[in-house]
Amino acid sequence: MGKVIVVTSGKGGVGKTTSTAALGAALARGGQNVVVVDFDVGLRNLDLVMGAERRVVFDLINVVQGVAKLPQALIRDKRLETLYLLPASQTRDKDALTEEGVSRVIADLRSRFDWVICDSPAGIERGATLAMRFADEAVIVANPEVSSVRDSDRIIGLLDSKTEKAERGERMAKHLLIARFDPARASRGEMLGIQDVLEILSIPLLGVIPESEEVLRASNLGAPITICGQQSAPAHAYMDAARRLAGEEVEMMIPTEKKGLFNKLFGRRAA
Amino acid sequence: MSEVTVLSAARQRGSMPLRGRSYMAFALTPEPPIADWLGELDVWLRGSSGFFNGRPVVLDLSAVTLTSSAVAHLISELGARGIRIMGLEGMAPEKLGPGLPPLVSGGRAAPVETISSRSQPASPPPARDREPASLLVENPIRSGQAIFFPNGDVTVLGSVGSGAEVIAGGSIHIYGALRGRAMAGTSGNRKARIFCKRLEAELLAIDGYYRTAEDLDAKLRNRPIQAWLAGETLMISETD
(Lines give C-alpha, C1' and ligand atoms only; values in the text may rest on other atoms or scores of the structure.)
Protein backbone atom coordinates (compact mmCIF):
# COMPACT_ATOMS: atom_id res chain seq x y z
CA MET A 1 0.00 0.00 0.00
CA GLY A 2 1.34 3.38 -0.99
CA LYS A 3 1.69 6.49 1.07
CA VAL A 4 -0.52 9.50 0.38
CA ILE A 5 1.17 12.88 0.83
CA VAL A 6 -0.57 16.23 0.52
CA VAL A 7 1.54 19.23 -0.46
CA THR A 8 -0.22 22.24 0.98
CA SER A 9 0.37 25.81 2.21
CA GLY A 10 -2.78 27.88 2.52
CA LYS A 11 -1.18 30.77 0.69
CA GLY A 12 -0.79 30.80 -3.08
CA GLY A 13 2.44 31.21 -5.00
CA VAL A 14 4.75 29.75 -2.37
CA GLY A 15 5.87 26.79 -4.49
CA LYS A 16 3.40 23.93 -3.90
CA THR A 17 3.23 22.84 -7.53
CA THR A 18 6.99 23.17 -8.09
CA SER A 19 7.63 21.19 -4.91
CA THR A 20 5.08 18.48 -5.82
CA ALA A 21 6.76 17.96 -9.19
CA ALA A 22 10.29 18.11 -7.78
CA LEU A 23 9.61 15.70 -4.89
CA GLY A 24 7.65 13.34 -7.15
CA ALA A 25 10.43 13.19 -9.72
CA ALA A 26 13.07 12.80 -7.00
CA LEU A 27 11.26 9.80 -5.52
CA ALA A 28 10.68 8.31 -8.98
CA ARG A 29 14.39 8.64 -9.79
CA GLY A 30 14.99 6.28 -6.90
CA GLY A 31 12.90 3.68 -8.72
CA GLN A 32 9.71 4.16 -6.73
CA ASN A 33 6.29 4.22 -8.40
CA VAL A 34 5.00 7.74 -8.02
CA VAL A 35 1.86 9.57 -9.09
CA VAL A 36 1.46 13.32 -8.71
CA VAL A 37 -2.19 14.43 -8.51
CA ASP A 38 -3.35 17.93 -9.38
CA PHE A 39 -6.20 18.98 -7.07
CA ASP A 40 -6.31 22.54 -8.37
CA VAL A 41 -9.48 22.00 -10.40
CA GLY A 42 -10.14 25.01 -12.64
CA LEU A 43 -6.61 26.43 -12.31
CA ARG A 44 -4.47 23.48 -13.19
CA ASN A 45 -0.71 23.98 -13.41
CA LEU A 46 0.95 20.71 -12.56
CA ASP A 47 0.57 19.46 -16.16
CA LEU A 48 2.61 22.46 -17.35
CA VAL A 49 5.36 22.03 -14.77
CA MET A 50 5.50 18.33 -15.66
CA GLY A 51 5.52 19.13 -19.40
CA ALA A 52 2.46 16.96 -20.02
CA GLU A 53 -0.08 19.62 -21.02
CA ARG A 54 -0.36 18.41 -24.61
CA ARG A 55 -1.18 14.86 -23.58
CA VAL A 56 -4.13 15.46 -21.25
CA VAL A 57 -7.25 13.55 -22.33
CA PHE A 58 -9.10 12.64 -19.16
CA ASP A 59 -8.68 14.23 -15.76
CA LEU A 60 -9.34 13.84 -12.04
CA ILE A 61 -12.95 15.02 -12.32
CA ASN A 62 -13.69 12.46 -15.06
CA VAL A 63 -12.36 9.72 -12.80
CA VAL A 64 -14.13 11.05 -9.70
CA GLN A 65 -17.41 11.12 -11.62
CA GLY A 66 -16.84 7.71 -13.15
CA VAL A 67 -16.71 8.99 -16.75
CA ALA A 68 -13.20 7.62 -17.26
CA LYS A 69 -11.27 4.81 -15.67
CA LEU A 70 -8.17 5.66 -13.67
CA PRO A 71 -5.62 4.11 -16.12
CA GLN A 72 -7.12 6.20 -18.96
CA ALA A 73 -6.46 9.43 -17.09
CA LEU A 74 -2.95 8.66 -15.85
CA ILE A 75 -0.17 10.19 -17.95
CA ARG A 76 3.24 8.53 -17.82
CA ASP A 77 6.26 10.83 -17.76
CA LYS A 78 8.44 10.62 -20.88
CA ARG A 79 11.70 10.88 -18.92
CA LEU A 80 10.99 8.73 -15.86
CA GLU A 81 8.93 5.64 -16.48
CA THR A 82 7.86 5.22 -12.84
CA LEU A 83 6.44 8.77 -12.66
CA TYR A 84 2.79 9.45 -13.50
CA LEU A 85 0.52 12.50 -13.50
CA LEU A 86 -3.20 12.64 -12.78
CA PRO A 87 -4.14 16.06 -14.14
CA ALA A 88 -6.92 18.37 -12.95
CA SER A 89 -9.72 19.67 -15.12
CA GLN A 90 -9.33 23.23 -16.33
CA THR A 91 -12.97 23.72 -17.36
CA ARG A 92 -14.67 22.61 -14.15
CA ASP A 93 -14.53 24.00 -10.64
CA LYS A 94 -13.91 22.53 -7.20
CA ASP A 95 -17.61 21.83 -6.62
CA ALA A 96 -17.29 18.94 -9.07
CA LEU A 97 -15.17 17.10 -6.48
CA THR A 98 -17.18 14.88 -4.17
CA GLU A 99 -15.80 13.45 -0.96
CA GLU A 100 -16.97 9.96 -1.84
CA GLY A 101 -15.43 10.18 -5.33
CA VAL A 102 -12.10 11.52 -4.09
CA SER A 103 -11.97 8.83 -1.42
CA ARG A 104 -12.46 6.14 -4.08
CA VAL A 105 -9.81 7.57 -6.42
CA ILE A 106 -7.25 7.97 -3.62
CA ALA A 107 -7.85 4.38 -2.48
CA ASP A 108 -7.37 3.18 -6.06
CA LEU A 109 -4.14 5.19 -6.47
CA ARG A 110 -2.86 3.96 -3.13
CA SER A 111 -3.15 0.37 -4.31
CA ARG A 112 -1.23 1.08 -7.55
CA PHE A 113 1.62 3.36 -6.43
CA ASP A 114 4.25 3.63 -3.70
CA TRP A 115 3.70 7.37 -3.44
CA VAL A 116 0.58 9.43 -4.13
CA ILE A 117 1.53 13.11 -3.98
CA CYS A 118 -1.42 15.50 -4.00
CA ASP A 119 -0.84 19.09 -5.09
CA SER A 120 -3.37 21.11 -3.07
CA PRO A 121 -4.89 24.32 -4.37
CA ALA A 122 -4.30 27.48 -2.33
CA GLY A 123 -6.92 28.51 0.20
CA ILE A 124 -8.85 26.55 2.79
CA GLU A 125 -11.97 25.81 0.76
CA ARG A 126 -13.34 22.63 -0.75
CA GLY A 127 -10.44 21.83 -3.09
CA ALA A 128 -7.84 22.23 -0.37
CA THR A 129 -9.80 20.35 2.29
CA LEU A 130 -10.51 17.43 -0.07
CA ALA A 131 -6.85 17.29 -1.15
CA MET A 132 -5.78 16.81 2.48
CA ARG A 133 -8.79 14.77 3.59
CA PHE A 134 -7.38 11.28 2.91
CA ALA A 135 -3.65 11.99 3.28
CA ASP A 136 -1.31 9.99 5.51
CA GLU A 137 1.27 12.75 5.81
CA ALA A 138 1.56 16.39 4.86
CA VAL A 139 4.29 18.54 3.38
CA ILE A 140 3.67 22.16 4.32
CA VAL A 141 5.36 24.57 1.94
CA ALA A 142 6.13 27.97 3.43
CA ASN A 143 8.14 30.99 2.38
CA PRO A 144 10.11 32.83 5.04
CA GLU A 145 7.65 35.69 5.39
CA VAL A 146 4.93 36.40 7.96
CA SER A 147 1.83 36.00 5.80
CA SER A 148 2.94 32.64 4.44
CA VAL A 149 3.89 31.42 7.92
CA ARG A 150 0.56 32.43 9.43
CA ASP A 151 -1.35 30.72 6.60
CA SER A 152 0.73 27.60 7.13
CA ASP A 153 -0.16 27.69 10.82
CA ARG A 154 -3.83 27.80 9.83
CA ILE A 155 -3.38 24.84 7.48
CA ILE A 156 -1.65 22.81 10.21
CA GLY A 157 -4.70 23.44 12.40
CA LEU A 158 -6.94 22.09 9.64
CA LEU A 159 -4.70 19.05 9.11
CA ASP A 160 -5.13 18.28 12.80
CA SER A 161 -8.91 18.59 12.74
CA LYS A 162 -10.48 18.16 9.30
CA THR A 163 -8.67 15.12 7.93
CA GLU A 164 -9.86 11.54 8.14
CA LYS A 165 -6.77 10.65 10.11
CA ALA A 166 -7.43 13.39 12.69
CA GLU A 167 -11.05 12.34 12.99
CA ARG A 168 -9.92 8.81 13.78
CA GLY A 169 -7.90 10.34 16.62
CA GLU A 170 -4.55 9.70 14.95
CA ARG A 171 -1.78 12.20 14.49
CA MET A 172 -0.84 13.24 10.97
CA ALA A 173 2.90 13.50 10.38
CA LYS A 174 3.78 16.96 9.08
CA HIS A 175 6.93 18.13 7.32
CA LEU A 176 7.96 21.72 6.76
CA LEU A 177 9.51 22.65 3.43
CA ILE A 178 10.79 26.21 3.37
CA ALA A 179 10.91 27.38 -0.23
CA ARG A 180 12.27 30.52 -1.91
CA PHE A 181 14.77 31.09 0.88
CA ASP A 182 17.18 33.89 0.10
CA PRO A 183 20.10 33.79 2.57
CA ALA A 184 21.27 37.31 1.67
CA ARG A 185 17.86 38.84 2.34
CA ALA A 186 17.43 36.77 5.50
CA SER A 187 20.75 37.99 6.88
CA ARG A 188 19.70 41.58 6.17
CA GLY A 189 16.49 40.95 8.14
CA GLU A 190 14.27 41.38 5.08
CA MET A 191 13.02 37.83 5.50
CA LEU A 192 12.30 35.63 8.47
CA GLY A 193 15.14 33.31 9.42
CA ILE A 194 14.77 29.54 9.32
CA GLN A 195 14.89 29.53 13.13
CA ASP A 196 11.95 31.96 13.37
CA VAL A 197 9.79 29.93 11.01
CA LEU A 198 10.56 26.69 12.83
CA GLU A 199 9.78 28.26 16.16
CA ILE A 200 6.41 29.59 15.05
CA LEU A 201 5.25 26.45 13.26
CA SER A 202 6.97 23.91 15.53
CA ILE A 203 6.92 21.00 13.08
CA PRO A 204 9.96 19.06 11.79
CA LEU A 205 11.94 20.56 8.93
CA LEU A 206 12.03 18.56 5.70
CA GLY A 207 14.27 20.92 3.77
CA VAL A 208 15.16 24.45 2.79
CA ILE A 209 14.98 25.28 -0.91
CA PRO A 210 17.05 28.30 -1.93
CA GLU A 211 15.50 30.95 -4.17
CA SER A 212 16.93 30.36 -7.64
CA GLU A 213 16.34 31.28 -11.24
CA GLU A 214 16.89 27.63 -12.06
CA VAL A 215 13.45 26.84 -10.62
CA LEU A 216 11.69 29.27 -12.95
CA ARG A 217 13.72 28.04 -15.90
CA ALA A 218 12.74 24.43 -15.16
CA SER A 219 9.05 25.37 -14.88
CA ASN A 220 9.16 27.11 -18.24
CA LEU A 221 10.86 24.09 -19.77
CA GLY A 222 8.11 21.87 -18.41
CA ALA A 223 10.37 19.69 -16.34
CA PRO A 224 10.69 19.18 -12.60
CA ILE A 225 13.93 20.77 -11.35
CA THR A 226 15.04 17.38 -10.06
CA ILE A 227 15.04 16.13 -13.69
CA CYS A 228 16.35 18.98 -15.78
CA GLY A 229 18.57 20.94 -13.39
CA GLN A 230 20.00 18.10 -11.39
CA GLN A 231 23.21 19.89 -10.47
CA SER A 232 21.51 23.08 -9.23
CA ALA A 233 21.29 23.97 -5.55
CA PRO A 234 17.47 23.74 -5.40
CA ALA A 235 17.57 20.29 -7.08
CA HIS A 236 20.03 19.07 -4.43
CA ALA A 237 17.80 20.43 -1.69
CA TYR A 238 14.74 18.70 -3.16
CA MET A 239 16.62 15.41 -3.58
CA ASP A 240 17.64 15.51 0.08
CA ALA A 241 14.10 16.42 1.12
CA ALA A 242 12.71 13.45 -0.84
CA ARG A 243 15.18 11.11 0.89
CA ARG A 244 14.10 12.44 4.28
CA LEU A 245 10.45 11.99 3.29
CA ALA A 246 11.26 8.34 2.55
CA GLY A 247 12.63 8.01 6.07
CA GLU A 248 16.37 8.35 5.41
CA GLU A 249 18.57 10.32 7.79
CA VAL A 250 20.14 13.07 5.73
CA GLU A 251 22.16 15.85 7.29
CA MET A 252 20.30 19.16 7.06
CA MET A 253 22.03 21.89 5.08
CA ILE A 254 20.79 25.41 4.94
CA PRO A 255 21.88 27.77 2.21
CA THR A 256 24.25 30.51 3.31
CA GLU A 257 25.12 33.81 1.75
CA LYS A 258 28.29 32.56 0.10
CA LYS A 259 27.28 30.82 -3.05
CA GLY A 260 28.03 27.14 -3.19
CA LEU A 261 28.78 26.87 0.50
CA PHE A 262 26.35 25.22 2.84
CA ASN A 263 26.03 25.60 6.52
CA LYS A 264 25.35 22.62 8.66
CA LEU A 265 22.37 22.99 10.88
CA PHE A 266 22.39 20.49 13.68
CA GLY A 267 19.39 19.15 15.47
CA ARG A 268 16.82 21.07 13.50
CA ARG A 269 15.09 17.96 12.27
CA ALA A 270 12.98 17.33 15.31
CA ALA A 271 12.06 20.86 16.12
CA MET B 1 -36.35 11.96 44.13
CA SER B 2 -36.44 8.97 41.86
CA GLU B 3 -36.06 8.37 38.17
CA VAL B 4 -39.01 6.86 36.39
CA THR B 5 -38.95 5.39 32.93
CA VAL B 6 -42.01 6.13 30.83
CA LEU B 7 -42.77 4.51 27.52
CA SER B 8 -44.37 6.70 24.92
CA ALA B 9 -46.19 5.55 21.84
CA ALA B 10 -46.10 7.54 18.62
CA ARG B 11 -48.11 6.76 15.53
CA GLN B 12 -46.17 6.63 12.29
CA ARG B 13 -47.62 5.34 9.02
CA GLY B 14 -49.34 2.18 10.19
CA SER B 15 -46.67 1.14 12.65
CA MET B 16 -46.71 1.85 16.34
CA PRO B 17 -43.15 2.37 17.53
CA LEU B 18 -42.63 2.55 21.26
CA ARG B 19 -39.95 4.72 22.72
CA GLY B 20 -38.71 4.79 26.28
CA ARG B 21 -37.91 7.97 28.15
CA SER B 22 -36.55 8.73 31.57
CA TYR B 23 -37.77 11.59 33.75
CA MET B 24 -36.97 12.84 37.17
CA ALA B 25 -39.84 12.70 39.65
CA PHE B 26 -40.19 13.53 43.33
CA ALA B 27 -41.19 10.62 45.54
CA LEU B 28 -43.44 11.20 48.54
CA THR B 29 -43.42 8.43 51.15
CA PRO B 30 -46.35 8.67 53.56
CA GLU B 31 -45.89 7.09 56.97
CA PRO B 32 -48.56 5.91 59.32
CA PRO B 33 -50.58 7.39 60.79
CA ILE B 34 -51.60 9.12 57.53
CA ALA B 35 -53.46 11.95 59.26
CA ASP B 36 -50.29 12.99 61.16
CA TRP B 37 -48.17 12.69 58.04
CA LEU B 38 -50.58 14.98 56.17
CA GLY B 39 -50.34 17.40 59.06
CA GLU B 40 -46.54 17.49 58.83
CA LEU B 41 -46.80 17.98 55.07
CA ASP B 42 -49.12 20.94 55.62
CA VAL B 43 -46.62 22.55 58.00
CA TRP B 44 -43.82 22.08 55.50
CA LEU B 45 -45.96 23.38 52.61
CA ARG B 46 -46.77 26.57 54.52
CA GLY B 47 -43.09 27.44 54.27
CA SER B 48 -42.72 26.25 50.67
CA SER B 49 -46.08 26.88 49.15
CA GLY B 50 -46.33 25.94 45.53
CA PHE B 51 -43.19 23.79 45.69
CA PHE B 52 -44.90 20.85 43.97
CA ASN B 53 -46.85 22.92 41.45
CA GLY B 54 -46.51 21.30 38.06
CA ARG B 55 -43.91 18.81 39.33
CA PRO B 56 -44.24 15.11 38.65
CA VAL B 57 -44.66 13.28 41.96
CA VAL B 58 -44.66 9.56 42.65
CA LEU B 59 -46.39 8.22 45.76
CA ASP B 60 -44.32 5.55 47.49
CA LEU B 61 -46.73 3.41 49.52
CA SER B 62 -44.22 0.84 50.72
CA ALA B 63 -44.31 2.15 54.29
CA VAL B 64 -48.11 1.94 54.65
CA THR B 65 -50.86 -0.62 54.09
CA LEU B 66 -53.87 1.07 52.51
CA THR B 67 -56.97 -0.14 50.70
CA SER B 68 -57.62 1.00 47.19
CA SER B 69 -60.26 3.50 48.38
CA ALA B 70 -57.89 4.85 51.06
CA VAL B 71 -55.27 5.43 48.38
CA ALA B 72 -57.85 7.23 46.23
CA HIS B 73 -58.73 9.39 49.25
CA LEU B 74 -55.06 10.18 49.94
CA ILE B 75 -54.54 11.17 46.30
CA SER B 76 -57.49 13.54 46.43
CA GLU B 77 -56.15 15.03 49.72
CA LEU B 78 -52.79 15.63 48.03
CA GLY B 79 -54.58 17.03 44.98
CA ALA B 80 -56.27 19.57 47.26
CA ARG B 81 -52.73 20.68 48.29
CA GLY B 82 -51.64 21.15 44.69
CA ILE B 83 -49.74 17.84 44.47
CA ARG B 84 -50.57 15.70 41.44
CA ILE B 85 -49.59 12.07 41.59
CA MET B 86 -48.32 10.58 38.31
CA GLY B 87 -47.67 7.06 39.58
CA LEU B 88 -47.75 4.72 42.52
CA GLU B 89 -44.91 2.71 43.92
CA GLY B 90 -44.84 -0.12 46.46
CA MET B 91 -48.47 -1.19 46.09
CA ALA B 92 -49.75 -4.66 45.27
CA PRO B 93 -50.92 -4.69 41.63
CA GLU B 94 -54.17 -6.52 42.42
CA LYS B 95 -55.23 -3.67 44.76
CA LEU B 96 -54.88 -1.14 42.00
CA GLY B 97 -58.35 0.14 41.11
CA PRO B 98 -59.23 1.56 37.71
CA GLY B 99 -59.33 5.15 38.93
CA LEU B 100 -55.77 5.13 40.33
CA PRO B 101 -52.52 6.27 38.66
CA PRO B 102 -50.39 3.49 37.13
CA LEU B 103 -47.92 1.47 39.11
CA VAL B 104 -44.26 2.28 38.51
CA SER B 105 -41.21 0.34 39.53
CA GLY B 106 -37.49 0.30 38.93
CA GLY B 107 -37.03 3.85 40.19
CA ARG B 108 -33.50 4.79 41.24
CA ALA B 109 -32.68 7.30 43.93
CA ALA B 110 -31.27 10.54 42.52
CA PRO B 111 -29.66 13.39 44.44
CA VAL B 112 -31.82 16.38 45.20
CA GLU B 113 -30.90 19.54 47.04
CA THR B 114 -32.13 19.46 50.59
CA ILE B 115 -35.55 21.00 50.62
CA SER B 116 -35.53 23.60 53.35
CA SER B 117 -38.75 24.76 54.89
CA ARG B 118 -38.08 28.28 53.67
CA SER B 119 -39.97 29.47 50.63
CA GLN B 120 -38.37 28.19 47.46
CA PRO B 121 -40.70 29.08 44.63
CA ALA B 122 -38.11 28.85 41.86
CA SER B 123 -37.33 25.38 40.56
CA PRO B 124 -34.05 23.98 41.88
CA PRO B 125 -31.34 23.56 39.23
CA PRO B 126 -31.19 20.07 37.77
CA ALA B 127 -28.75 17.98 39.73
CA ARG B 128 -25.72 17.02 37.63
CA ASP B 129 -22.02 16.42 38.03
CA ARG B 130 -19.95 19.50 38.59
CA GLU B 131 -17.97 20.39 35.51
CA PRO B 132 -14.23 20.93 35.90
CA ALA B 133 -13.31 24.58 36.30
CA SER B 134 -10.20 24.45 34.14
CA LEU B 135 -9.22 23.38 30.66
CA LEU B 136 -5.81 22.04 29.66
CA VAL B 137 -4.77 22.33 26.00
CA GLU B 138 -1.73 20.23 25.23
CA ASN B 139 -1.27 21.12 21.58
CA PRO B 140 -0.31 24.48 20.12
CA ILE B 141 -3.32 26.58 19.12
CA ARG B 142 -2.99 27.29 15.41
CA SER B 143 -4.04 30.35 13.45
CA GLY B 144 -7.81 30.36 12.95
CA GLN B 145 -8.51 28.15 15.95
CA ALA B 146 -10.44 29.48 18.93
CA ILE B 147 -10.64 28.04 22.43
CA PHE B 148 -13.75 29.20 24.29
CA PHE B 149 -14.06 28.14 27.91
CA PRO B 150 -16.47 30.34 29.88
CA ASN B 151 -16.39 28.17 33.03
CA GLY B 152 -12.89 28.80 34.30
CA ASP B 153 -9.16 28.89 33.61
CA VAL B 154 -7.43 27.79 30.42
CA THR B 155 -3.88 26.44 30.38
CA VAL B 156 -2.07 26.09 27.06
CA LEU B 157 1.14 24.07 27.01
CA GLY B 158 2.21 25.20 23.52
CA SER B 159 2.03 28.52 21.72
CA VAL B 160 -1.01 30.46 20.55
CA GLY B 161 -0.54 31.35 16.88
CA SER B 162 -1.11 34.67 15.20
CA GLY B 163 -4.81 34.79 14.31
CA ALA B 164 -5.77 32.28 17.02
CA GLU B 165 -7.70 33.17 20.17
CA VAL B 166 -8.22 31.94 23.70
CA ILE B 167 -11.32 33.13 25.55
CA ALA B 168 -11.74 32.12 29.19
CA GLY B 169 -14.14 32.92 31.98
CA GLY B 170 -11.19 32.75 34.36
CA SER B 171 -7.44 33.24 33.93
CA ILE B 172 -5.29 32.20 30.96
CA HIS B 173 -1.91 30.53 31.33
CA ILE B 174 0.25 30.06 28.24
CA TYR B 175 3.49 28.13 28.54
CA GLY B 176 4.63 29.12 25.05
CA ALA B 177 4.56 32.27 22.97
CA LEU B 178 1.30 34.21 22.78
CA ARG B 179 1.05 35.53 19.24
CA GLY B 180 -2.72 35.67 18.94
CA ARG B 181 -5.43 37.03 21.23
CA ALA B 182 -6.10 36.19 24.85
CA MET B 183 -9.31 37.31 26.54
CA ALA B 184 -9.67 36.41 30.21
CA GLY B 185 -12.47 36.99 32.70
CA THR B 186 -15.06 37.29 29.95
CA SER B 187 -17.97 36.47 32.25
CA GLY B 188 -17.25 39.49 34.43
CA ASN B 189 -14.37 38.10 36.45
CA ARG B 190 -12.21 41.16 37.12
CA LYS B 191 -9.71 39.11 39.13
CA ALA B 192 -8.77 36.97 36.14
CA ARG B 193 -5.20 37.29 34.87
CA ILE B 194 -3.22 36.40 31.78
CA PHE B 195 0.18 34.77 32.01
CA CYS B 196 2.46 33.90 29.11
CA LYS B 197 6.05 32.84 28.60
CA ARG B 198 6.57 35.17 25.67
CA LEU B 199 4.48 38.17 24.74
CA GLU B 200 3.92 38.72 21.03
CA ALA B 201 0.16 39.11 21.39
CA GLU B 202 -2.19 40.78 18.97
CA LEU B 203 -4.58 41.61 21.80
CA LEU B 204 -4.92 41.13 25.56
CA ALA B 205 -8.22 41.63 27.36
CA ILE B 206 -9.59 41.11 30.87
CA ASP B 207 -13.30 41.55 31.49
CA GLY B 208 -13.61 43.61 28.33
CA TYR B 209 -10.70 46.01 29.03
CA TYR B 210 -8.22 45.44 26.27
CA ARG B 211 -4.92 46.47 24.75
CA THR B 212 -3.87 45.81 21.18
CA ALA B 213 -0.32 45.07 20.07
CA GLU B 214 0.13 48.74 19.24
CA ASP B 215 -0.55 49.79 22.85
CA LEU B 216 1.86 47.29 24.37
CA ASP B 217 5.13 48.53 25.80
CA ALA B 218 7.88 47.59 23.35
CA LYS B 219 10.09 46.58 26.28
CA LEU B 220 7.67 43.79 27.11
CA ARG B 221 7.84 42.26 23.64
CA ASN B 222 9.14 38.69 23.66
CA ARG B 223 9.22 38.74 27.47
CA PRO B 224 7.37 36.58 30.00
CA ILE B 225 4.52 38.66 31.39
CA GLN B 226 1.40 38.75 33.45
CA ALA B 227 -1.58 41.02 32.89
CA TRP B 228 -4.22 42.04 35.42
CA LEU B 229 -6.86 44.65 35.94
CA ALA B 230 -6.30 47.65 38.22
CA GLY B 231 -9.54 49.61 38.24
CA GLU B 232 -10.21 50.19 34.58
CA THR B 233 -6.62 49.85 33.44
CA LEU B 234 -5.10 46.71 32.02
CA MET B 235 -1.70 46.41 33.68
CA ILE B 236 1.14 44.32 32.30
CA SER B 237 4.38 43.49 34.02
CA GLU B 238 7.30 41.23 33.35
CA THR B 239 7.63 38.00 35.28
CA ASP B 240 10.50 35.60 35.42
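**Close-up views of chains A and B**

**View 1. Five residue pairs are in polar contact between chain B and chain A, both residues at pLDDT 80 or more.** A polar contact is a pair of N or O atoms within 3.5 Å; within protein, one atom must be able to donate a hydrogen and the other to accept it, and residues adjacent in sequence count only if both atoms are side-chain atoms. This is a predicted model, in which local features need pLDDT of at least 70 and side-chain atom pairs count only at pLDDT 80 or more, while totals for chains, interfaces and linings use all residues. Residues are numbered from 1 along each chain as its sequence is written, chains are lettered from A and ligands numbered from 1 in the order in which they are written, and side-chain values use heavy atoms, with hydrogens and water left out.

**View 2. The interface joins 13 residues of chain B to 11 residues of chain A by contact, meaning heavy atoms within 4.5 Å.** Together the chains bury about 870 Å², with 37% of it on carbon and sulfur atoms. Of the area that chain B buries against chain A, 61% comes from Arg142(B), Ser143(B) and Arg179(B), more than from any other three residues. Buried area is the accessible area (1.4 Å probe) that two parts lose on being put together, summed over both.

**View 3. Four salt bridges are counted between chain B and chain A.** A salt bridge places a side-chain nitrogen of Lys or Arg within 4 Å of a carboxyl oxygen of Asp or Glu. One of the salt bridges pairs Glu202(B) with Arg150(A), at 3.6 Å from N to O. On the side of chain B that touches chain A, two residues are nonpolar, seven polar and four charged. Here Ala, Val, Leu, Ile, Met, Phe, Trp, Tyr, Cys and Pro count as nonpolar, Asp, Glu, Lys and Arg as charged, and the others, Gly among them, as polar.

**View 4. Glu199(A) and Arg179(B) form a salt bridge, 3.6 Å from N to O.** The pair crosses between chains: Glu199(A) lies in helix H10 (residues 194-201) of chain A, and Arg179(B) in the loop between strand E10 (172-178) and strand E11 (181-184) of chain B. Helices (H or I, at least four residues) and strands (E, at least two) are DSSP runs, numbered from the N terminus. Arg179(B) is buried at 6% relative accessible area, whereas Glu199(A) is partly exposed at 38%. Buried means under 20% relative accessible area, exposed over 50%, and partly exposed in between (1.4 Å probe, protein chains only).

**View 5. Within chain A, Arg188(A) and Glu190(A) form a salt bridge, with the closest N and O atoms 2.9 Å apart.** Arg188(A) is exposed, its relative accessible area being 53%. Glu190(A), at 45%, is partly exposed.

**View 6. In helix H11 (residues 213-221) of chain A, Arg217(A) and Glu214(A) lie three residues apart, about one turn of the helix.** Their side chains meet in a salt bridge of 3.5 Å, N to O. Both are partly exposed, Arg217(A) at 43% relative accessibility and Glu214(A) at 30%.

**View 7. The two chains are set side by side for context.** Chain A contains 13 helices and 10 strands, and chain B two helices and 16 strands. Buried residues make up 56% of the 271 residues in chain A and 37% of the 240 residues in chain B. Over all chains, the whole structure holds 28 salt bridges.
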